[in-house]
Amino acid sequence: MIPLSPVFDVLLGLGLLWLAWRVVASRGRFTAVVLFMVFGLVMAIAWARLGAPDLALAEAAISAGITGALLLNACKAAYADPGHPQPGGPATPPPSSARRWLVYAICGGLGTALAATMAWLALGRPDVAPELRDAVSGHAVDNPVTVILLDLRGYDTLLEMAVLLMAFLGLRILMGHRDLAGLHPLPEGVPSMADSLVAMATPILLITALYLFWTGTEAPGGAFQAGALLGALGVMYRLTGRIEPLDHTPAALRLGLILGLGVFAGFACLSLIWSDWPLSYPAMATAGVALTIELAMMISIAVTLTLLFSGSAGIRLARAPVQGP
Amino acid sequence: MTAVVPLAATAGLLFAIGLYGMIGRTGLIHRLLGANIMASAIFLFLVVLSTRGIEASADPVPQAMVLTGIVISVCITAFALGLIRYLRVMTGEDELRRSTRDADGQSADD
Amino acid sequence: MTDPPPLVMAGHTALLLGPLICGLLVYLLPWPRFRDAAPIVLSAGLLVVLWYLSGEMLGTGPVTLALGGHFAPLGIELHVDALALAMLWLTGLVGLAVNVHITASVNLTERFGPEGFRILWLVLWSALNALFVAADLFNIYVLLELSAITAIALVAVSRGPEAVAAATRYLFFALAGSLFFLLGVALVYAKTGLLALRGLESLQWHGPASVFALGLMTLGLAMKAALFPVHAWLPRAHAIAPSAASALLSALVAKAGVYLVIRLWSGPFDGHWPEFLGQSMAVLGAAGIAYGSIQAIRQSRLKLVIAYSTVAQLGYLLLVLPLASVLAWHGVIYHALSHGLAKAALFLAAGNVIFMVGNDRLESLSRGDHRLAGNAMVMALAGVSLAGLPPSGGFIGKWWLINAALESGQWWWALVVGGGGLLTAAYVFRVLRYAMAEPHPDDGRPDLPVKRLPRRMFWPPMLLALGAIALGFAGQWLVPILALGRPGNIAG
Amino acid sequence: MSISTVLTIALVVAGCAFFLAGTVGLLRFPDTHSRLHALTKADNLGLGFICAGLAVHGGSVTGALELAFVWALAMMAATVSAFLIARWADWTSDQ
């Protein structure tokens with residue numbers, strides 16, 4: 001390894017700390033959000049540096065990309081939403097200096113203790129169970145992370161799909177409110193250049209997503225990365241007005257929303273037929289079943305992310321597609 | 001690997017900075033960003049852990065935990081943003097009042 | 001490890017995934033009859049399953065199951081013992097009552113279809129069942145997030161600024177709580193490379209890192225459970241939610257956090273904490289009892305009284321940490337069961353009051369209308385159990401706790417239990433005094449009609465309250481079940 | 001030190017210099033349009049130089065093609081986003 005690398009790591013760490021501090025200490029919302037997106041990208045660099053490029057991709061796409069889009073959308077909505085009366089007088093009195101020092105003391109103390117503990121723990125090397133190594137290397141699916149996500153800890157992934165669905169349904173409760181401005185397209189119609197970029201990006205994103213999905217069984221990638229890419233495509237379609245919001249959820253969309261969770265849970269129950277345990281894969285068709293579940297999850301993730309961003313109960317393709325120049 | 005110690009220590013400090021954002025600020029967006037930084041700090045620590053596992057390749061368990069965790073944190077963030085936005089539309093405020101007065105609203109039964 | 005009979009595994013699968021799949025079906029096919037009937041049929045079926053599983057467990061003892069057949073350290077394990085079984089029963093009973101109650105009480109068709117409410121609650125039910133049998137740290141984290149997001153959404157169902165403010169406050173507490181919990185999990189994994197509770201129990205890894213991790217996880221769980229110093233979100237959230245949801249949140253969701261604290265302290269972390277930490281946790285519990293009860297006495301709205309009472313009643317559960325004896329263990333299980341039934345009954349009854357008179361101010365209870373009398377009866381029965389008056393489940397639980405405290409020589413905890421009972425009696429009788437009071441001559445206005453209460457709304461809380469009382473007669477009969485799978489630190 | 005290493009270092013250093021210039025422009029120029037002007041041109045060139053340097057370093061044709069593809073995609077995205085930012089700047093100054 002190049003001798004300069006410790007310096008680089010320290011600089012990377014300091015950069016992350018500085019960015020994080022700027023995020024929490026900045027005055028304006030917009031500044032904080034943009035700095036947070038930069039923070040996410042630098043974090044992705046740190047992960048790539050630690051030898052986890054697929055996690056870095058997921059962080060950049062899902063965390064910095066989708067979260068960033070959601071946050072920017074919320075900032076924009078702050079201007080678009082109707083009448084927010086300024087409350088008479090400050091809502092909360094500025095925190096007393098005693099309270100401020102208490103917060104500093106808590107955070108400083110916890111940070112020091114955590115940094116020391118984590119550095120010390122990271123140096124130790126607990127034994128990785130040999131059973132785990134054997135199970136991962138002898139599995140019909142080649143990518144170790146996919147083995148964990150779909151088989152060994154598949155139950156967690158199932159529940160994670162439930163969290164995704166619940167996030168949308170939780171938002172759905174709030175959506176009935178008439179005063180909430182949806183996500184409007186840009187003020188004077190759709191800019192032609194963005195539209196042509198979307199047209200151009202569609203095949204590239206589709207192919208990349210399918211590639212990520214397909215390669216997930218043997219190399220970094222899988223349903224979540226692919227679903228996030230498709231979700232990003234949905235976000236672009238929504239921004240350029242190719243997708244319109246609806247105030248109800250059509251049956252097909254409902255099916256798309258619950259498909260991943262439903263297929264996974266149904267599989268868990270069905271597997272009692274060929275084995276004693278739920279969620280165990282049939283010996284003959286492990287890879288095929290895994291791929292089916294991943295496909296269903298990819299569709300659900302894409303649909304849910306698009307709907308979460310759109311901030312509406314449903315969506316449909318725009319009747320009259322926007323014409324180019 | 002040399003990256004382990006500085007980045008693990010960074011993770012600990014990042015968590016504290018995120019916590020400051022969460023309890024030291026009043027603006028809800030800033031508090032939410034603080035929570036996201038806390039989550040990122042934990043994920044960074046888990047990624048650090050994944051480098052020291054099986055010699056040839058990384059330890060896949062922390063990596064799977066990070067992937068699950070990222071998706072969950074995006075979901076919670078999206079839901080929280082919806083609540084924050086709705087709160088602003090209804091009350092015009094970007095923060096939670098620290099009032100001691102008891103809520104006098106009605107629940108949805110009636 | 002011997003495999004349990006296939007039917008046992010199938011039964012647990014039904015408990016874990018049944019409500020979830022039912023929720024998905026109801027969401028996909030929102031026919032009114034189907035969406036009302038399916039959850040009721042499901043909850044009745046799950047009670048049968050629970051009956052079968054309890055019988056099996058009497059023969060075999062506590063069971064450890066593994067999803068996909070991958071036992072630790074490969075995959076995710078489930079562990080079912082008496083405490084878990086008690087909580088599963090509680091969930092099943094409260095779930096049945098709530099399912100019947102919401103067919104008449106929650107009517108949100110205009111903006112948010114009832115199927116949306118159903119799926120939120122059915123997934124919450126799955127998450128709770130899963131939490132009570134979970135035996136894997138990261139799995140617990142995911143389940144905590146799932147139960148939190150559904151619970152918060154259920155609070156937000158009551159729209160309006162107060163509800164959204166309460167839901168947002170709840171969300172930030174839950175978010176901080178789950179992050180602290182996840183941080184603790186990460187530290188445990190860094191130190192041991194394990195996530196399964198069973199593996200951690202058999203590993204010798206005492207040290208400052210384990211106490212640090214335990215502290216972080218406990219702090220996180222305390223935020224979720226609204227234990228005393230970090231309780232600020234609970235009263236408003238539980239008071240503003242639709243009453244059927246309040247019943248679930250108070251009787252089950254908040255309790256799940258305390259349940260996990262007890263699980264962790266007496267399971268994998270047993271022996272890692274010095275004695276004074278156990279005592280200080282119980283001191284926090286006692287402070288919660290005092291604070292919650294006094295606040296409950298000062299409230300002027302019925303649902304706030306009941307919500308503050310939850311802050312108080314959860315404190316009793318922490319007393320098992322310093323006491324650590326068989327009697328205390330039984331007492332805590334009994335207290336959890338009877339409090340859950342009584343609290344759910346009270347919230348459903350409060351919902352009925354709102355349904356009938358339009359608000360839940362205490363003065364409204366003294367309307368002198370005979371239609372309110374049945375409901376007051378429910379509150380009286382549930383209140384008797386809550387205050388620990390004989391004959392009731394609450395009485396047995398508290399009696400055992402007091403005896404455990406006296407046996408171990410820690411008489412001060414007996415005082416806490418007794419004093420807490422007195423305070424509880426104070427706020428219960430304050431509510432009943434309003435309910436029994438002769439109406440003020442000016443208040444009996446005929447222009448304020450009292451709506452007739454459907455039977456579907458009256459009987460669920462009534463039966464829950466009667467169940468809480470009936471537990472008082474079943475003590476000796478249930479002891480052999482309660483003894484299954486006591487943790488190691490509790491002497492036999 | 002082989003000729004390809006020297007070439008790589010030269011190209012990457014040139015790329016970094018363009019990035020530096022672009023960033024200085026971003027920080028120093030007075031309004032949105034001139035900032036965009038500094039940023040897009042300098043950064044696209046800088047990225048191009050760095051991709052070329054890496055392609056020389058990698059030494060394979062497919063690698064070079066992939067890097068060229070990366071550069072092309074980044075340029076497309078940069079073009080459109082610069083256009084959108086400029087339009088937004090016009091729109092807000094009109095208000």
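How far is the sulfur of C16(D) from the closest cysteine sulfur, and in which residue does that sulfur lie? The distance is 12 Å, and the partner is C51(D). The structure is a predicted model.

**Cysteines of chain D**

A disulfide requires two cysteine sulfur atoms within 2.5 Å. The sulfur of C16(D), at 12 Å from that of C51(D), is therefore too far away for a bond. Seen from C51(D), the closest cysteine sulfur is in C16(D), again at 12 Å and too far for a bond. The search of the whole structure, over all chains, returns 0 disulfides.

**Relative accessible area of selected residues**

| Residue | Relative accessible area | Class |
|---|---|---|
| D134(A) | 52% | exposed |
| N352(C) | 0% | buried |

**Chain B against chain A**

The contact between these chains involves 73 residues of chain B and 89 residues of chain A. About 7400 Å² is buried between chain B and chain A, and carbon and sulfur atoms give 77% of that area. There are 0 salt bridges between chain B and chain A, and 4 residue pairs, both members at pLDDT 80 or more, are in polar contact. On the side of chain B that touches chain A, helix 1 (4–24), helix 2 (28–50) and helix 3 (60–91) of chain B each supply at least two residues. Helix 3 of chain B gives the most to this side, with 24 residues. By residue type, the side of chain B that touches chain A has 44 nonpolar, 18 polar and 11 charged residues.

**N352 in chain C**

N352(C) lies in helix 14 of chain C, which covers residues 326–357. With a relative accessible area of 0%, N352(C) counts as buried, since the limit for that class is under 20%. The side chain of N352(C) makes a polar contact of 3.0 Å with the side chain of H101(C). The side chain of N352(C) also reaches the backbone oxygen of M457(C), at 2.9 Å. Apart from neighbours within four places in sequence, the residues in contact with N352(C) are H101(C), N375(C), L453(C), M457(C), F458(C) and P461(C).

**D134 in chain A**

D134(A) belongs to helix 5 of chain A, residues 130–137. The relative accessibility of D134(A) is 52%, so D134(A) is classed as exposed. From D134(A) to V145(A) the separation is 11 residues in sequence and 14 Å in space, C-alpha to C-alpha.

Note on methods:
Residues numbered from 1 in each chain as written. Chains lettered and ligands numbered in written order. Predicted model: local features only at pLDDT ≥ 70, side-chain atom pairs only at ≥ 80, totals over all residues. Heavy atoms only, no water. Helix = DSSP H or I, 4+ residues; strand = E, 2+ residues; numbered from the N terminus. Buried < 20%, exposed > 50% of the residue type's maximum accessible area, 1.4 Å probe, protein only. Contact = heavy atoms within 4.5 Å. Buried area = accessible area lost by both parts, 1.4 Å probe. Salt bridge = Lys/Arg side-chain N within 4 Å of Asp/Glu carboxyl O. Polar contact = N/O pair within 3.5 Å; in protein donor to acceptor, adjacent residues only side chain to side chain. Nonpolar A, V, L, I, M, F, W, Y, C, P; charged D, E, K, R; others polar.
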